[in-house]
Amino acid sequence: MRNAPSARHGEAFLPNLSRIAGRLALAALILILCAIAVFPFYWMFVTSIRPSGQLFAYPPEMLPSANSVFSTYVTIFQDTALGTWLWNSIRVALGTAILASFIGAMMAYSLSRFRFQGRGFTEYLLLATQMFPGILLAMPMYVLFSKIGLLNSLPGLTVAYLALLVPVATSLLKTFFDGIPVALEEASLIDGASRIGTFFRITLPLSLPGLASTFLFCFIIAWDEYLFAQMFVRQPGNWTVSVGLASFSGEYVTPWDQVMTAATIVTLPAAIVFLFLQRYLVHGLTAGGVKG
Amino acid sequence: MALTQTSARVAGVRTVHYADSQDRWLPAVMVLPFLLAITALVIIPLLWGIRISFTNSRIIGRAFTEAFTLANYQSVLTDPDTWHSLYVTAVFSLGTVIGSIALGLVTALVLTRAFPGRGIVRTLIILPWAVPHVVAALIWQWMYNPNYGVVNYAIGWIPFVTSQPNWLSDPNLALPAIIILNIWKTYPFATLVLLAGLQSIPDELYEASEIDGAGPVRRFLDITLPGLKHVLAIVVLLLTIWSFGNFVFIFLMTQGGPAGATNTLVVKVYFEAFRFFRAGPAFAMGSLLLLVAVLLTLAYAFIVRRGKDA
Amino acid sequence: MSTARLEQLSKQYDGHLAVDRINLDIADGEFVVFVGPSGCGKSTTLRMIAGLERATGGEIWIDGKPANHVSPRDRDIAMVFQNYALYPHMTVAQNLSYALRLRNWSRADIDRRVTEVARSLDLAPLLHRKPSQLSGGQRQRVALGRAIIREPKLFLMDEPLSNLDAKLRVQTRAEITRLQRSLGITTIYVTHDQTEAMTMGNKIVVMNGGRIQQADTPQQLYQHPANTFVAQFIGTPPMNLLRCRLEPQDGAIVARGAGVNIPIRLESLTVLRPKIRDGEFLIGFRPEDIVMDPGAAGNGVTGSADVIEGLGHESLVSVKEGENAFIARMSPENAAPIRLGDRLSFSVNPDRLRFFSAESGEAIRVP
C-alpha cells in the first residue's frame, strides 16, 4: 500500500485506500455486467462445437472440449434444410427491405418537407403500427390472405412484412431527412435545379447512409421475424430460418449441438448489423424522443 | 391551400399558385404508395378483424354468418381465464420493466465512467439486443435444461440449495424464467436510452451542486433522476408495450403452460384461434387488446411530444 | 443587373400576417438592407423574392416582369444563406460550379470562371476541400463565391454574417460592400443588426410587425426617423424620447415634462400645435445632440445621474427625472467628475429636436 499523499487534489492519506477499493469494485461490476451480456453467446458457441457425445454430460464443461468439432458447421447443411431456410429468409428479407425502404423513403421525405392535411394522423399511425402486438395484425391478415391465396408462399410473406416494415422504414428515414437542412435544397433550387433534380443531386447523396441503415435494419427485422412466418407458411420447404430453427426443439431429443450451430449462423449477420446501427436505432425507435 | 386562397380572394388580390409546377403533383405521387400499403395491409385487416369479432365465426378463414352478435365479447369478458391471462401479462410486463430498467440503469451508470476498454464493453452489452428472438429463446431453453443446463449447474454452487428445479415445467418458476430471458433481451435498449439521457445532463449541474455541498447520493437523487425523468418514461412505456405484445418467447418456451402459468393475452388469443378454433372470441379479445395498444401508443406519443417541447 | 418591385406583397401563415401589404421599389445596382427585430417579416419577404415562399397576396416584379409564378430556378437570382448551405458532399470547386453545371456550361468555361472567382475571394488553395474542412470565415467566402459566380440579376443575402465572430464580421462586412459596389449587382440583404444595416446599405428598409416602418437612406433614417420604433431601433444607444406637454412660459411656449423645459420655435409651433393640441407628445434627440451646461436649467433637460458607462473613447451617462430618462454621450474627461446622484443640466441643439405623437408614435415633421 502506497501512502504517498497525492497533493494534486489536496486529498488526505487515507482516501488512496478507499479509491483502490472503489476501483476494484467498479472492475468487478464491469466484469459481471459483461458476463451477463456475453455468457449466453459463449454458451451457444461452445455448445455448437462440442462433440455430440459430450453434450449431455453433468456437470457441464465450461470450457470448449479438447476435441472440439467444427464439422457441425458443414454437416448441418447436409443433415438439415438450413440452407433452404437461409435462402428463403434472404429472399424474403431482401424483397421487403427494398420495397419498404423505397416506399418509406418517399413517404418520409414528404413528411419531412411538405405540409399537408392529415400529417399528424399519419405520424400517429406510423407510431401505432410499430407498437401494436403483431398478433393483432397477423390474425385478420391471415384471414384475408387465405381468401386471396397468398398463404404458404414467400411472396405472400414478403407482402405481409411490408405492414411491419414500411412504418419502421418511414420513421427511421424521416429522422434522417429531418437532419438534412432544408436550406441545402433551397440553395439548389435557386442555383437552378428542379425539385426532382435537387432530390437526386443533393438529398439522395446526403441520405445514403440513412437509406443504407434503414435497409439493413428492415432486413434484420424480417430475418428475425417468427410469428407471421410460422402462421403464414406451413410447408417446411418454404420456411424461413427462424421457423426452421424453432422446429428443432420439440423433438424428443433436441440435437443441441446442431441447434446452437444453426443459431450461431443465424445470429452472425443480425449482430453485425446491430453493432453498426445502434446509434441510429435508439433515436429512430423512440420516435426521435431520445438522441442516440 | 384552400384557406390561403380564399383569404387572398377576400383581400382582393389574385389567387396564387405553386411557384414550381412539380410542387403540385410531386407530394401526391410520393405519398401514394405508402397510403396504398398501409390501407391494404394495416387498416383493412384491422377493421376486418373487428368485424369478425362481432360474428359467430369458428374456424379462421371459413365462412361465418353475418348476424351481428355481442356473444364473443360476453364470453371473453366472463371467462375467468381471460382475467388470469391479464394477470399473467401484467406480471410479465411489470417484471420485465423493473428488471430491465434496474439492470439498464446500473449498466448505463457504469458506462458513463471513463475506464479502459469502455468502447468494447459498450459493444458487448448491446449483443443481447442484436440476437434474433428465436435464437435467444433456444439458448435460454438450453441453459434452463433441468438435467444438463448451466443454470442448474450454477445454482448447485449456492450453499444449501440442493434442488434441481425444472424451470420451464414448474408452474411457479416458468413465468420468472421467461421474465429473466425477456429482461436479458431488452435491457441493452434500456441501457442505450438511459445512457443517452445521462449524457444529456449538463456537467455544470453536477459541478454546481457539488459546490453547493451535495454528496454523491444527493447528486443522484437531485440531478440524475430528475434529468432522466423523460427518458425513463419513454423506456417504461416502450418496454411495457413490447412485453405486452411478446409472443415468441412464451410460444417457444412454454406454449402458455404449465397449467396456464405463462398464458399471456397474446398467446391466449393465438391458441383460441389456432388451437381451439374459436375465431370469434379470439378476434373479440384481439379487438380489446387493440384498444389497449391504442391507449398505450397515445400515452407514448404524448410523452415523446412533451419531452420535445420541453 | 436589374430592378425589383414589390406591390402590396403579403404572406399569411395560419391566419397570421407575417408580411402585411408592403410596397418597395429597388433600383438597379442598389444595396437594399432589410432590418428589424426577429419575426418582423424581413426574412419572409426575402424568401418570397427568392421564390422559396409563395406570396399569399400582392405582386413581385423582377426587371419589370411579374415573378410570382416563376420558379426559383428561373428567376436568375443568387442567395447566400444564414448557415451558408454549402453542399457537404461536394468540394469547394464543385459547390462553386454547381449552378454552372446545371446550366450546361462547357468544362473549360466552368474551370475558367471557378478560377476567377476563387482568386477574387482567396479561395484558390481550398478548391479541393470539403465544407467540413473549412473555417467559418472560409465557408462564408465559398457561399459568397457561389452567389457571384454566375452574375445573377439579384443577390439575396439572409443574415450572412450572423455566424461569424465579431472581428471577422466587421472585416467581411467591408468585403461584401466592396464586392457589391464593384460588381454593381442589385442586392437585397437581410439582417437584425442595425450597425450592419447602417454601414452597408444605400437604402435601409426598417420592418416591424410585417410592415415597412421606413425605407430611406442611412442618414435620413438616423436624422429623421419616421416613428418612435425607428427612432429607438436605429442607433446605439437609441434616440432619447421624453414625454412632455406644451405650456406657456414668459410669453413663449415651452415643451415641459419631467426634467424637460425647452422653448419651441414659433414656426415649429404652427405645425405642432394643431396636431397635439393640449395633449402629451414626445420630444426626441440623439445622445450626442446635448451638451452639459450648468446654466441651462430652465432651457434644456435636467435630471440626476443614474448610470455612468465608460467606453474608453467616450462615456454614456444615463440621467433620470421622474417618468423620463435619457442618455448623454460625452467625452471621458467631461464625465470624470460626475458622481451617481449628481444633478446634471444639458442644453439641447434646437436643430436636432424631433417630435412624435404620443398616441401613434408617428413623427411630426416641423420646419
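How many residue pairs are in polar contact across the interface of chain B and chain A (both at pLDDT 80 or more)? The rule finds five. A polar contact is a pair of N or O atoms within 3.5 Å; within protein, one must be able to donate a hydrogen and the other to accept it, and residues adjacent in sequence count only if both atoms are side-chain atoms.

This is a predicted model, in which local features need pLDDT of at least 70, side-chain atom pairs count only at pLDDT 80 or more, and totals for chains, interfaces and linings use all residues. Residues are numbered from 1 along each chain as its sequence is written, chains are lettered from A and ligands numbered from 1 in the order in which they are written, and side-chain values use heavy atoms, with hydrogens and water left out.

**View 1. The interface of chain B and chain A.**
Chain B brings 92 residues to the contact and chain A brings 90. Contact means heavy atoms within 4.5 Å. About 8200 Å² is buried between the two chains, and carbon and sulfur atoms give 82% of that area. Buried area is the accessible area (1.4 Å probe) that two parts lose on being put together, summed over both. In chain B, the residues losing the most area to chain A are B:Met30, B:Phe34 and B:Trp142, together 10% of what that side buries. Between chain B and chain A the count of salt bridges is zero. A salt bridge is a side-chain nitrogen of Lys or Arg within 4 Å of a carboxyl oxygen of Asp or Glu. Helix α2 (residues 22–52) of chain B gives the most to the side that touches chain A: 19 residues. Helices (H or I, at least four residues) and strands (E, at least two) are DSSP runs, numbered from the N terminus. The side of chain B that touches chain A holds 71 nonpolar, 16 polar and five charged residues. Ala, Val, Leu, Ile, Met, Phe, Trp, Tyr, Cys and Pro count as nonpolar, Asp, Glu, Lys and Arg as charged, and the others, Gly among them, as polar.

**View 2. B:Thr69 and its contacts.**
B:Thr69 sits in the loop between α2 and α3 (71–78) of chain B. A polar atom of its side chain lies 2.8 Å from the backbone nitrogen of B:Ala71. Not counting residues up to four places away in sequence, B:Thr69 touches B:Ser53, B:Phe54, B:Thr55 and B:Asn56.

**View 3. The interface of chain C and chain A.**
Here 21 residues of chain C meet 15 residues of chain A. The buried area is about 1600 Å², with 65% from carbon and sulfur atoms. Two salt bridges cross this interface. One of them joins A:Glu186 to C:Arg47, with the closest N and O atoms 2.5 Å apart. On the side of chain C that touches chain A, two or more residues each come from α1, β6 and α2 (92–102) of chain C. That side divides into 15 nonpolar, one polar and five charged residues.

**View 4. The open sheet of chain C.**
Six strands of chain C form a mixed sheet in the order β6-β7-β8-β3-β9-β10. Two strands pair if DSSP finds at least two bridges between them. β6 (77–80) and β10 (211–216) of chain C stand at the edges with a single partner strand each, so one side of each has no neighbour in the sheet. β7 (residues 154–158) and β8 (residues 186–191) of chain C run parallel, joined by five bridges. C:Met157 has C:Tyr189 in β8(C) as its bridge partner.
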